[in-house]
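Please walk through this structure with me, one residue at a time. Keep the sequence and the model side by side.

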Amino acid sequence: MSVVFGGIMPHPPIALPEVGGAEADKVMDSRQAMLDLGRRIKQSGAEILVLISPHAPVFGDGIAINISPQTRGNMGQFGAAQVSFTCRYDPKLGTEIGWQAEELGIPVIDLDEQIARQTGINLQLDHGMMVPLYFLRQAGVELPLVPCSMGIFSPEKLYSFGVAVQRAAEALGSKVAVVASGDLSHRLTPDAPAGFDPRGKEFDQKIVALIKSLDVTGLINLDEDLCERAGECGLRPIIMMLGALDGLAVKSEVLAYEGPFGVGYMVAALEPTGRDQTRRLLASLQQERKQKLAQLRAKESYLVRVARQSLTSYLEGHWKDPASYDVPEEFARGAGAFVSLKKNGHLRGCIGTTAPTRANVVQEVAYNAVSAGTEDPRFYPVRLDELDELTISVDVLMPPEPIDGLDQLDVKKYGVIVRRGARSGLLLPDLEGIDTPEQQVAVAKQKAGIGPDEPVQLERFEVVRYH
């Protein structure tokens, strides 16, 4: 046996009458579709449910599985504590998924009471699991559960985790249903919870069309800027679920789509109908990823290559002396520089200097690359096996100049430095989510520990960004 059903379910708490009251009727299409999905899962003969939530504890270095013998949750934070569930964990499938995932190079973290105490994580089921379970139980689905978090990995690695679920099901001879919990764009309307972006609607339309046609490659290759601007939370769980259907012929049907509250809700049923060797996509996806990485490396600028080589040599234990790098004439001067690391579109580290501390820009970048990878207090240190997934950018700062007010700032062109006494904070230009000088200064103050109402001296600076 193997994976007998795949599904996509949104998780708006307002869809529960106990939470939303009369407002729940505004998503009646989604509610009815989720009940229909539950009935289909029951008819599939599924014996175990794998449920993937974007709101479960997320780790940057692995996909988490809650291995508590019994997992509990309720909707108390949404004013409906009476809506509560207890689910029995299936340890055989959970353990087998972990083994299969490790074979594919995907680390799995077993979340238990000890890890929860060490990390301050709450092991209760989050609303990304509770809302789907509410409708599945109404449809008569009460199965042992393997609760999974989404991963912060590249798309083909997320897909690999789904393949591991399929292989685990086959190894145990179990009938498994895999459900991805996730909303689409959170930015469909001006009153949407995450603000408005006109590309939110475009994102949702593409997702609906790609699921209808079961175009996995199209989903995996979605434009990163489009995904970021949409403010979505469901794409990664969806890709993970699709991996569980690798090599299967699948009937894909979108049962409902609506967005009355500015957030896109899609319900989809993906029902395997047999084997299809043409849909064994993992190897081709991995090869495409390698080619993309090679193309990106070939295009990297000199300073980015310095940053990558410096961080790589440091992590490998034979750090290249920054004084040994060639120094092109344009970088022979001293200047402050920031090195930013991103992993699959998410910030992974950023540290820099506002003024020169080394003999030249090249040395400045070499040292700051190591600091960004190992000393940014917001993140755990970068591991050697993550390097291939990192994209790096370098910002070289021009000398700052004092300004008299916000009207002399342009968030796309200028970074800002705020100073009050010994406290100072810096923010680079052209950052996602920073759209006005007011926001720019407010964030810089926050970084410096300066109160929002405290007066500050302002300086602006330009940067040259290298990719």
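Ser160 sits in helix H6; helices (H or I, at least four residues) and strands (E, at least two) are DSSP runs, numbered from the N terminus. The model is predicted: local features need pLDDT of at least 70, side-chain atom pairs count only at pLDDT 80 or more, and totals for chains, interfaces and linings use all residues. Residues are numbered from 1 along each chain as its sequence is written, and side-chain values use heavy atoms, with hydrogens and water left out.

Is Ser160 buried or exposed? Ser160 counts as buried because its relative accessibility is 1%. Buried means under 20% relative accessible area, exposed over 50%, partly exposed in between (1.4 Å probe, protein chains only). The Ser160 side chain reaches the backbone oxygen of Glu156 at 2.8 Å. Beyond its neighbours within four places in sequence, Ser160 is in contact (heavy atoms within 4.5 Å) with Leu104, Ile106, Leu282 and Gln286.

The axes of H6 and helix H11 (residues 282-299) come within 10 Å and cross at roughly 160°. Axes are lines fitted to C-alpha atoms, for helices over the stretch in contact, and angles run from 0 to 180 degrees between N-to-C directions. H6 is therefore roughly antiparallel to H11; the term covers angles over 145 degrees, with under 35 roughly parallel, 65 to 115 roughly perpendicular and the rest oblique. On the H6 side, the contact is made by Glu156, Tyr159, Ser160 and Val163. H11 supplies Leu282, Leu285, Gln286 and Arg289.

The largest nonpolar core has 60 residues, and Val50, Tyr159, Phe161 and Leu242 touch the most other members. Helix H6 (residues 155-172) gives the largest share of this core, 8 residues. A nonpolar core is a set of buried Ala, Val, Leu, Ile, Met, Phe, Trp, Tyr and Cys residues joined through side-chain atoms within 4.5 Å. Setting aside neighbours within four places in sequence, Phe161 contacts Ile63, Ile97, Ala101, Ile106, Val108, Cys148 and Met240. A second, separate core of 37 residues includes Ile41, Phe135, Leu136 and Val141.

Thr71 lies in strand S4 (residues 70-75). Thr71 is buried, with a relative accessible area of 2%.

Gly94 belongs to helix H3 (residues 91-103). Gly94 counts as buried, at 3% relative accessibility. Gly94 and Ile67 are 27 residues apart in sequence and 7.4 Å apart in space, C-alpha to C-alpha.

Note on methods. Polar contact = N/O pair within 3.5 Å; in protein donor to acceptor, adjacent residues only side chain to side chain.
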